[in-house]
Amino acid sequence: QVQLVESGGGLVQPGDALRLSCTASGFTLPYYTIGWFRQAPGKEREVVSCIMSGNNSTYLADSVKGRFAISRDNAKKTVYLQMNSLKPEDTAVYYCAATYYYCSGGLGETDFGFWGQGTQVTVSS
């Protein structure tokens, strides 16, 4: 069974940085996509970023370009979301998710069949 284990998140001040981690296991196909989503109160869950396991294909939402970066460590089977220069509007529950679809900005929540537990990121002074 596919399992996603997340770590990171917390309460930080504007301008601070956090790194979220997602360790994935149990995939039956060699190529898959790991995505990061976030959901703020009263808003729809939105895709933040995604990355393919077998190549360098990545996606970043316009709202986080220049501040966030996604990367992977294939040996550790872990995907990271480095979040720099955090703003109050980044406050949300962040979720790690997986799909066998290719990484694309066109992917939505319903395209991902496997999910982590979510972690709260709060940016406040």
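**Salt bridges, disulfides and cores**

Analyst: Five salt bridges are present in the structure. The model is a predicted one.

User: Why is the contact of Glu46 and Arg38 called a salt bridge?

Analyst: The nitrogen and oxygen of the two side chains, Glu46 and Arg38, are 3.0 Å apart. A salt bridge requires a side-chain nitrogen of Lys or Arg within 4 Å of a carboxyl oxygen of Asp or Glu, and the pair of Glu46 and Arg38 therefore qualifies.

User: Is Arg38 called buried or exposed, and why?

Analyst: Arg38 has a relative accessibility of 6%. Buried means under 20%, so Arg38 counts as buried.

User: Why does Glu46 count as partly exposed?

Analyst: The relative accessibility of Glu46 is 33%. Buried lies under 20% and exposed over 50%, with partly exposed in between, so Glu46 takes the term in between.

User: What makes the pair of Arg38 and Asp90 a salt bridge, and which parts of the chain does this pair link?

Analyst: The closest N and O atoms of Arg38 and Asp90 are 3.0 Å apart, and the cut-off is 4 Å, so the pair meets the criterion. Arg38 belongs to strand 4, whereas Asp90 lies in the loop between strand 8 and strand 9, and the two residues are 52 residues apart. Asp90 has a relative accessible area of 0%, and because buried means under 20%, Asp90 is buried. Through shared partners, salt bridges join Arg38, Glu46, Arg67 and Asp90 into one network.

User: How do you know that Lys65 and Asp62 form a salt bridge, and are Lys65 and Asp62 buried or exposed?

Analyst: From N to O, the side chains of Lys65 and Asp62 are 3.4 Å apart. This value is within 4 Å, so the pair is a salt bridge. Lys65 and Asp62 are both exposed.

User: How many disulfides does a search of the whole structure find, and what makes Cys22 and Cys96 one of them?

Analyst: The search finds two disulfides. The sulfur atoms of Cys22 and Cys96 are 1.8 Å apart; a disulfide requires cysteine sulfur atoms within 2.5 Å, so this pair is one. Cys22 in strand 3 and Cys96 in strand 9 are 74 residues apart, and the pair links distant parts of the chain. Both Cys22 and Cys96 are buried. The link has -60° about the S-S bond and is left-handed.

User: Why is the pair of Cys50 and Cys103 also called a disulfide?

Analyst: Their S to S value is 2.1 Å, which is within 2.5 Å, and the pair therefore counts as a disulfide. The link of Cys50 and Cys103 is right-handed, with 85° about the S-S bond. Cys50 is in strand 5 and Cys103 in the loop between strand 9 and strand 10 (114-115). Both of these cysteines, Cys50 and Cys103, are buried. Counting bonded cysteines along the chain, the pattern of the disulfides is 1-3, 2-4.

User: Which residues have the most contacts inside the largest nonpolar core?

Analyst: They are Leu4, Ile34, Trp36, Leu81, Met83 and Tyr94, in a core of 27 residues. Among the strands that each supply at least two residues of this core are strand 4 (33-39) and strand 8 (78-83). Apart from this core lies another, of six residues, including Val47, Tyr95, Leu107 and Phe112.

User: Which residues does Leu81 touch?

Analyst: Leaving aside residues up to four places away in sequence, Leu81 touches Leu18, Arg19, Leu20, Trp36, Val48, Ser49, Phe68, Ala69, Ile70 and Tyr94.

Note on methods: Residues numbered from 1 in each chain as written. Predicted model: local features only at pLDDT ≥ 70, side-chain atom pairs only at ≥ 80, totals over all residues. Heavy atoms only, no water. Core = buried A, V, L, I, M, F, W, Y, C linked by side-chain atoms within 4.5 Å. Buried < 20%, exposed > 50% of the residue type's maximum accessible area, 1.4 Å probe, protein only. Helix = DSSP H or I, 4+ residues; strand = E, 2+ residues; numbered from the N terminus. Contact = heavy atoms within 4.5 Å.
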